[in-house]
Amino acid sequence: KADTGVASYYSHKFHGRRTASGHMFHTDSMTAAHKHLPFGTRVKVTNLRNQKTVVVTINDRGMKGKKRIIDLSPAAAKKLGMLERGLEKVRVEVLTKNDDTP
């Protein structure tokens, strides 16, 4: 099942801070925050404007009350070509679920 909605990306100020899963956030990691997917879930994110794709691992929570469906690391956002725009309409497809990540 694929979800379509708006993606954003983390500010560089979060580099080195702990994510909700307990891992350290690195701006160059292929990771993302999602409201409810289990930590360790791998998803394919497609930028619907340019069709670029990236695979990221969910390791954080976020976006409470916002109309965004995923918050990407800056490295993942760069691969999708969305650094200048900041927000993009994307499709998020679950590749694997993994419930054993803390």
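Select S21 to begin. This serine sits in the loop between β1 and β2. The model is a predicted one. Is S21 buried or exposed? S21 counts as buried because its relative accessible area is 5%, and the cut-off for buried is under 20%. Now show polar contacts. The side chains of S21 and H23 are joined by a polar contact of 2.9 Å. Then look for N59. Its backbone oxygen lies 2.8 Å from a polar atom of the S21 side chain.

**Zoom out: the whole chain**

Switch to a cartoon view. Trace the chain along its sequence, and the pattern reads β-β-β-β-β-α-β. The chain has 102 residues, and buried residues make up 42% of them. The accessible surface of the chain comes to about 5800 Å². Carbon and sulfur atoms hold 49% of that surface.

**Walk around the barrel**

Hide the side chains and color by strand. In what order do the strands run around the closed barrel? The order is β1-β5-β2-β4-β3-β6, and the pairing is mixed. On average, neighbouring strands of this sheet are turned by 45 degrees against each other, direction ignored.

Select β1, residues 2-9, together with β6, residues 88-96. These two strands pair in the antiparallel sense over 6 bridges. Pick G5 and find its bridge partner in β6, which is V90. Then pick A7, which stands opposite E88 in β6.

Stay on A7 and look to β5. The partner there is I70. Strands β1 and β5 run parallel, and 4 bridges join them.

Move on to β3. This strand pairs with β6 in the antiparallel sense over 6 bridges. One place to check is T46, which stands opposite R91 in β6.

**Stop at the hairpin**

Select residues 42-47, which are β3, and residues 53-60, which are β4. The two strands run antiparallel, with 5 bridges between them. V45 has V54 as its bridge partner in β4. Together β3 and β4 form a hairpin, with 5 residues between them.

You will find Q51 in the loop between β3 and β4.

**Go inside: the core**

Here is a general idea to carry with you. In soluble globular proteins, nonpolar side chains tend to be buried together.

Now show the side chains of V43, V45, V56, I70 and L72. In the largest nonpolar core, which has 18 residues, these five touch the most other members. Several elements contribute to this core. At least two residues each come from β3, β4, β5 (68-72), α1 (74-79) and β6.

Center on V45. Leave aside its neighbours within four places in sequence, and V45 is in contact with residues including V56, I70, L72, L80 and V90.

Next, select V54 in strand β4. V54 is buried, with a relative accessible area of 5%. Beyond its neighbours within four places in sequence, V54 is in contact with M30, V43, K44, V45, A76, K79 and L80. Now draw a distance from V54 to K78. Their C-alpha atoms are separated by 9.7 Å, and the two residues are 24 apart along the chain.

**Last stop: a histidine in a loop**

Select H34. This histidine lies in the loop between β2 (31-33) and β3. H34 is buried, with a relative accessible area of 5%. The side chain of H34 reaches the backbone nitrogen of H36 at 3.2 Å.

Which residues is H34 in contact with, leaving aside its neighbours within four places in sequence? Select I58, D60, R61, G62, M63 and I69 to see them.

Key:
Residues numbered from 1 in each chain as written. Predicted model: local features only at pLDDT ≥ 70, side-chain atom pairs only at ≥ 80, totals over all residues. Heavy atoms only, no water. Pairing = 2+ DSSP bridges. Axes fitted to C-alpha atoms, helices over the stretch in contact; angles between N-to-C directions. Buried < 20%, exposed > 50% of the residue type's maximum accessible area, 1.4 Å probe, protein only. Polar contact = N/O pair within 3.5 Å; in protein donor to acceptor, adjacent residues only side chain to side chain. Contact = heavy atoms within 4.5 Å. Core = buried A, V, L, I, M, F, W, Y, C linked by side-chain atoms within 4.5 Å. Areas by Shrake-Rupley, 256 points an atom, 1.4 Å probe, with all protein chains shown as cover.
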